[in-house]
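Please open the structure in your viewer and keep the sequence at hand.

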Amino acid sequence: MNIVVCIKQVPDTKGGVKFNADGTLDRAAMLAIMNPDDKAGLEAALRIKDQNGAKVTVLTMGLPKADAVLREAMAMGADDAILVTDRVLGGADTWATSTTIAGALRNLDYDLIITGRQAIDGDTAQVGPQIAEHLGLPVISYAENIKVEGDSVIVKRQYEDRYHEVKAKMPCLITALSELNEPRYMTPGGIFDACDKEVTVWGRADLKDVDDSNLGLKGSPTKIAKASDKVPKGAGEKVNLDPAESVAYLIGKFKEKHII
């Protein structure tokens, strides 16, 4: 069984956020981590590997420094890693990103593709389902639990105040929630092995069945009007009332804002 996990190196917002003049994130200037939903997806793949036997390949699109999250994934237990990087791919929105990743995945054999639900730097939840659409695969999103049964997967899918249990034949794509599991730590031996392993690097020339008009910033239909860091909030309204008056005041405000 072959599992491909799509992971992303995202800004660690604890270190601040920086933007380029065109409104895109200046990723080279920010601290970075593996996207939490993707990490849960990787852990799910590794558990399937532990229980059923599988080859786990991690794939990311990003700057050369994204090599770090690929090596972290291999230190956790992934078998192979692929970095898709090229200047022409920079500034991609979800459409151009999913087109690029799908072009890379067409070079691989896979039974199951796992992505995170969404990345913390965009929160769109679009790339995973778009990849599935490009590849003509069934997709199950918002996975809370994943089980393999023969040539199928059974997924507990989060849905508002309840859940769905969905079964799909492989090959298919699943998007994982960070609540899916608790990702394992890297092992000392895994870290040493990951340092020695080779990361496969692909560029534009390695993408299969994609058109240049759908790649990078020029191929991105989403246009950013304005981007900024978090806007500081004001102090708000302060009142000094006794308990009974405080309750009446709060209820009045809740009614005013149609909360109750």
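**First stop: around helix α6**

Select His 258, which lies just after α6 and takes a positive phi of about 60°. Helices here are DSSP runs of H or I with at least four residues, strands are runs of E with at least two, and both are numbered from the N terminus. The model is predicted: local features need pLDDT of at least 70, side-chain atom pairs count only at pLDDT 80 or more, and totals for chains, interfaces and linings use all residues. Residues are numbered from 1 along each chain as its sequence is written, and side-chain values use heavy atoms, with hydrogens and water left out.

Next, select α6 itself, residues 243-256. At 1.5 Å a residue, its 14 residues should span 20 Å, and the C-alpha atoms at its ends are 20 Å apart, which agrees. The expected span is 1.5 Å times one less than the number of residues.

At the N-terminal end of α6, select Asp 242, which caps the helix: a side-chain oxygen lies 3.2 Å from the backbone nitrogen of Ala 244.

**Second stop: the sheet**

Now display the strands. An open sheet of nine strands has the order β9-β8-β7-β10-β6-β1-β4-β5-β11, with mixed pairing. β9 (162-169) and β11 (200-202) stand at the edges with a single partner strand each, so one side of each is left without a neighbour in the sheet. From one strand to the next, the twist averages 30°. Two strands pair if DSSP finds at least two bridges between them.

Select β7 (residues 139-149) and β8 (residues 152-159): six bridges join these strands, which run antiparallel. Within this pair, Ile 146 stands opposite Val 155 in β8. The hairpin of β7 and β8 has two residues between the strands, and Gly 150 there takes a positive phi near 65°.

β7 is also joined to β10 (residues 172-176), by three bridges, and these two strands run parallel. Ala 143 has Ala 176 in β10 as its bridge partner.

Moving to β9, one sees that β8 and β9 pair in the antiparallel sense over eight bridges. Val 153 stands opposite Ala 168 in β9.

Select α3, which lies across β1 (2-6), β4, β5, β6 (112-116) and β11, running at about 145° to β4. Such angles run from 0 to 180 degrees between N-to-C directions, and the axes are lines fitted to C-alpha atoms, for helices over the stretch in contact.

Which side chains share polar contacts with that of Ser 98? One is Gln 130, at 3.0 Å, and another is His 134, at 3.1 Å. A polar contact is a pair of N or O atoms within 3.5 Å; within protein, one must be able to donate a hydrogen and the other to accept it, and residues adjacent in sequence count only if both atoms are side-chain atoms.

**Last stop: Thr 85**

Finally, select Thr 85 in the loop between β5 and α3. The backbone oxygen of Gly 62 lies 2.8 Å from a polar atom of the Thr 85 side chain. Thr 85 and Arg 204 are 119 residues apart in sequence and 7.7 Å apart in space, C-alpha to C-alpha.

Definitions and conventions:
Contact = heavy atoms within 4.5 Å.
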